[in-house]
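Dear colleague,

Here is the structure I promised to hand over to you. Please keep it open while you read the notes that follow.

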Amino acid sequence: MTAIAVVAALFIVVIFYYNVSPESGLMPQCSFRLLTGYDCPGCGFQRALHALLHGRVAEAWGYNPFVFFAVPAALFYIVVESGCRHWPELHRRATSPWALWGILLIVVCWWIVRNVI
Amino acid sequence: MKIWIYVDGRQEGPYELEQLLNKPVTPETKVWYEGLPKWYPAGYLDELRPLFDGSLAAKVAAKSNSENAVTEEQDEPELRQQDESTHESDLEQTAEAVQQSVADDFKPASQQNPTQNSAAEISAKAPECPPTYIGWSIFLLICCCSPFSIGALVAAICVSSFYNKGEYDKARRASDWAAWLIMISIALGFLPGMLWQSLIM
């Protein structure tokens, strides 16, 4: 069952991030940042996750505030899509072209804004 | 039109459309008639819609009320027997051949891998939402941003806009693209990144 696999994977990832600190060097780096020097939308996500797991919410916000919206949104979409038969109306609205273009727009805006500020 | 139905785990038929009114046929019942590539749920087929929206029942009721019931019933069985004797054997053979594929078609749709759905729908109603994988692409975008995860997001947008326009083939292809891009993104983004980091550590 994919649900069990996903939950198990999440569990492992959470434990991993709780124990691995950014200083240990085990966290992969962003290739976009290496190439261009600019932040990608997800830069700081791993440090943010690490801080969150240790209860330091403000610090996590400093690393990558977008994550606080993106992760629940991603989870929401994964759930809605796998259960698209149960909530057809919700799925239709949530995955309408308007909604998806809006997501792309938000991501691009965040990408630009975080490099400008 | 000779229609076969699949109820209680076995095939019944052939029936005429009017006869199906008296049969336990729901929009979910799988049916087949000559010309279809596989068994379809009755609700998907435009030809069977009169069965469910009440127009067929009304037509049958009107027919039996306006015509002389005795002569009608005497004539029709004879005509039907003539038709069935010549065509029934052919159609039954074809129906059995199609029935070979019935076992595969009866996998509940929720278990079917969306990336492997390749059945061509001819007279089916709007097919179901092809998965956009938008959730996964957002997640990947913030986990390991790469051209592939951006591509997956764009593919998800394509799936949605094609599906809305009614171009279901393109939507399904875009959905396959999205699935592949996500898998490539995970393979190329996560694993080598972690391996590389642990190597140069």
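**What was found**

B:Tyr44 counts as partly exposed because 19 other C-beta atoms lie within 10 Å; by definition a residue is buried if 20 or more other C-beta atoms lie within 10 Å of its own, exposed if 12 or fewer, and partly exposed in between, with C-beta atoms placed from the backbone. This is a predicted model, in which local features need pLDDT of at least 70 and side-chain atom pairs count only at pLDDT 80 or more, while totals for chains, interfaces and linings use all residues. Residues are numbered from 1 along each chain as its sequence is written, and chains are lettered from A and ligands numbered from 1 in the order in which they are written.

B:Tyr44 sits in the loop between strand E4 (40-41) and helix H1 (49-53) of chain B, where helices (H or I, at least four residues) and strands (E, at least two) are DSSP runs, numbered from the N terminus. B:Tyr44 is 16 residues from B:Glu28 in sequence, and the two are 8.5 Å apart in space, C-alpha to C-alpha.

Chain B as a whole has seven helices and four strands, and buried residues make up 28% of its 201 residues. The mean pLDDT of chain B is 72, and 63% of its residues reach 70 or more; pLDDT is the predictor's confidence in each residue, from 0 to 100. Among the elements of chain B, helix H4 (residues 102-105) has the lowest mean pLDDT (50), and H6(B) has the highest (86).

Leaving aside neighbours within four places in sequence, B:Ala156 is in contact with several residues, including A:Leu100, B:Tyr133 and B:Ala178; two residues are in contact if their C-beta atoms, placed from the backbone, lie within 7 Å. Just after H6(B), B:Gly166 takes a positive phi of about 100°.

For the complex, the predictor gives an ipTM of 0.79 and a pTM of 0.53.

With best wishes
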